[in-house]
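The sequence and structure come first.

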Amino acid sequence: MKGGFRQSMAWLHTWSGLLVGWVLFAVFLTGTVSYFRAEISFWMRPELHAARVAPDAAENVLRRMHALAPSSSSWIINLPSERDPLARVFWRDPSAGGNRFRRAILDPATGEDLPARETLGGDFFYTFHYQFHHMPVLWGRWIISVCAMFMLVAILSGIVTHRRIFADFFTFRPRKGQRSWLDGHAVTAVLALPYHLMITYTGIVTLMLMTMPWGVQVAFKGDNQAFSATVFGLERPSPRSGQAAPLAPVMPMLDAASRHWGGAQPGRITVNNPGDVTSTVQVFRVDDDRLSVNRQVVSFNGVTGAMVSASGGNRPAAETRGVMVGLHRGVFGGGAMRALFFLSGLMGTVMVATGIILWAVKQRQKLGARAGAGTRLVEVLNVAAIGGLPIAMTSYLWANRLLPVEMAQRSAWEVHVFFIAWGIAAMHPLLRTHRRAWVEQLGLGAALLLLLPALNAVTTHSHLGITLPAGQWALAGLDLLALGFGAALAFAAWHVGQPVAEKRHARHPARQVNPVPAE
Amino acid sequence: MTIHLSPHRAGRNAGIGSRSVAAILGGYGLASLAAMSLALLPGPPAEAVLWGMMASYAVMAAAVMWCFAAGSALRAWTGLLIPALPLVAWLWINVGGGA
Amino acid sequence: MLPLGFVSAFAGFAALCLAMERHHGDALGTRRIPARRALVLRVAGWLLLALSLPLCASGWGWGMGVVAWCGTLSAAALPLVLLLSYAPRLITWLALALPPLAGLSLALRTP
């Protein structure tokens, strides 16, 4: 392009970021809250809040599984942990030919089913951030992969474009209009730059088996199963023999597995062909005590209880992939690490938001009233995404508390509320002036968030008055974060709503640029 | 950074269109060639395949940036073809043209 | 330890930014920095940033420690940027007071 390398990269940065900016914003925000996916899921099922971790959970749960699914070909049991003190179990449904899974949440202390309201919980935000909803799964994943590639290009071209990375490292000049948006964009981009590069690249890599399958075509002649078996070590269990044999006690197996890992804890158990002579038990190590997500498994004979095999170390490429996916998920390292990931994720969200706002502000600044439909479209989409998504996400939490517990299709209706709220928020800026649209949406989002702890107090027994003194931080944290974000949105609404007239009378002869220009 | 009104607007837009096609399709093609070529490197095949997959997106990002940094749309395409040729040759030798 | 790693990174970034004329002016009232002070600030800043890595690794181990260090650097620079905009005079005091406070709290907690 004309004007040299840096200018062409600036052009590329602007357009690769703007074209997919709204998708990226939604992916960043829903992805960032997904660091607290387990906590959100827990918060959304108040019926389970009394559950406590029990040391003999595995035995209690397995006893229950014999009654729940005696003839299933496999059980999957996620053991309770500090973060999620419940046993989540799945099993292949024999009546559906073994191809469909059924699920239950069990009390680790008794093994009994815990009836909880039907909800997707935090999993909704989590799956939304890589495949959307109400859309074929593969479409969603492809769209998001392509947008992530745009993001990678936008980051790289942005680095090249940003001349004064070190000189402006600490620079944020508030209340200077366009200048402030640029500063805000650059500061959130630069301060968390390693995170932005990491999260984007590893996000693409997470879906690489779908977007870049060509290597399997040439090296494995397109045999995906052979490739997966080599990389992930998936073995198909043998079919049931029909000859009954009781399952050996599982606690010694857990101990043996834990010894094999040098003391690390088991996190999941799968039992194949339970109650049959062919039964096998696989014990998986918890996945939050190391960077890589590659599983570490010890397999046992289900009848004798003898250790049969243990997964060895991974080769370098498989381990690299495991670490990349692990870095993306960010489940390791405990609460402080999660808080750091969350903060960086928020900075990424703000980076995207300020980027797309900056484009609209620049257009208004340059063209004023001559700005055309394109600028208006960007402005409407900005409000719909940045103002609307927090409203939709908080409405989802409100629906969780307000929809009747026994309602049919309850979890689907929570999701409907999310999309209805977002749909209205997307229409609303078409009917209002740009400034009013911002103030109203930010204000509504702030009100919904600030009132969420109050709603929680009215509808449940695990509100701040109880969770704070009890030190139940997983539950209290969500209420507190809602208050924090509510305050931030309220500040933003107030800031945008500052009367324009005052600024017109400012002493400076040069026209002051407002953060969001009036029509 | 926006497209200015100018007598060269039509030509410029055609150039941007051509570069965009080069960046998206050409870039993906080059990344795929790189992924396949790396997949055939000696060593355990699954490892080679994984290295190829993981590296291919860096190739694509570089290709996209090249397409918009190059002096002209023609140069953008040429710059993709030059690294593509040895990769195709390497694949041809290892897989045999038909496969 | 997160607090020590964080505090060290914060103090390090504060020193580096005080070594820059514009920020020196915001925080201390004058843009003129004596050459010696600028050098000391720069060296101390980089050292403190580097020190924050082993501090993070001591709590998490090296693999996770490096990840935590990257996050800690981002998390420590953010409040500094906000302070520079809204309360620049506080920076010097915080940078001087926080490391001994964090060290003291750690010493009191470990018997």
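D168(A) and R22(C) form a salt bridge, with 3.5 Å between the closest N and O atoms. The model is a predicted one. One salt bridge is what the rule finds across the interface of chain A and chain C.

**Extent of the interface between chain A and chain C**
- On the chain A side 25 residues are in contact with 23 residues of chain C.
- The two chains bury about 2000 Å² between them, and 78% of that area lies on carbon and sulfur atoms.
- Within chain A, the residues that lose the most area to chain C are F170(A), L191(A) and L340(A), which together account for 35% of what that side buries.

**Polar pairs and make-up of the chain A side**
- Four residue pairs, both members at pLDDT 80 or more, are in polar contact between chain A and chain C.
- Helices α7 (178–191) and α14 (334–367) of chain A each supply at least two residues of the side that touches chain C.
- α14(A) gives the largest share of that side, seven residues.
- Sorted by class, the side of chain A that touches chain C holds 18 nonpolar, three polar and four charged residues.

**Helix α12 of chain A**
- Helix α12 spans residues 251–260 of chain A, and its buried residues are M253(A), L254(A), A256(A), A257(A) and S258(A).
- Among the elements of chain A that cover the buried residues of α12(A) are helix α4 (57–68) and the strands β4 (266–272), β5 (280–285), β6 (297–301) and β7 (307–310).
- G262(A) follows α12(A) and has a positive phi, near 70°.

How values were computed
Residues are numbered from 1 along each chain as its sequence is written. Chains are lettered from A and ligands numbered from 1 in the order in which they are written. This is a predicted model: local features need pLDDT of at least 70, side-chain atom pairs count only at pLDDT 80 or more; totals for chains, interfaces and linings use all residues. Side-chain values use heavy atoms; hydrogens and water are left out. Buried means under 20% relative accessible area, exposed over 50%, partly exposed in between (1.4 Å probe, protein chains only). Helices (H or I, at least four residues) and strands (E, at least two) are DSSP runs, numbered from the N terminus. Contact means heavy atoms within 4.5 Å. Buried area is the accessible area (1.4 Å probe) that two parts lose on being put together, summed over both. A salt bridge is a side-chain nitrogen of Lys or Arg within 4 Å of a carboxyl oxygen of Asp or Glu. A polar contact is a pair of N or O atoms within 3.5 Å; within protein, one must be able to donate a hydrogen and the other to accept it, and residues adjacent in sequence count only if both atoms are side-chain atoms. Ala, Val, Leu, Ile, Met, Phe, Trp, Tyr, Cys and Pro count as nonpolar, Asp, Glu, Lys and Arg as charged, and the others, Gly among them, as polar.
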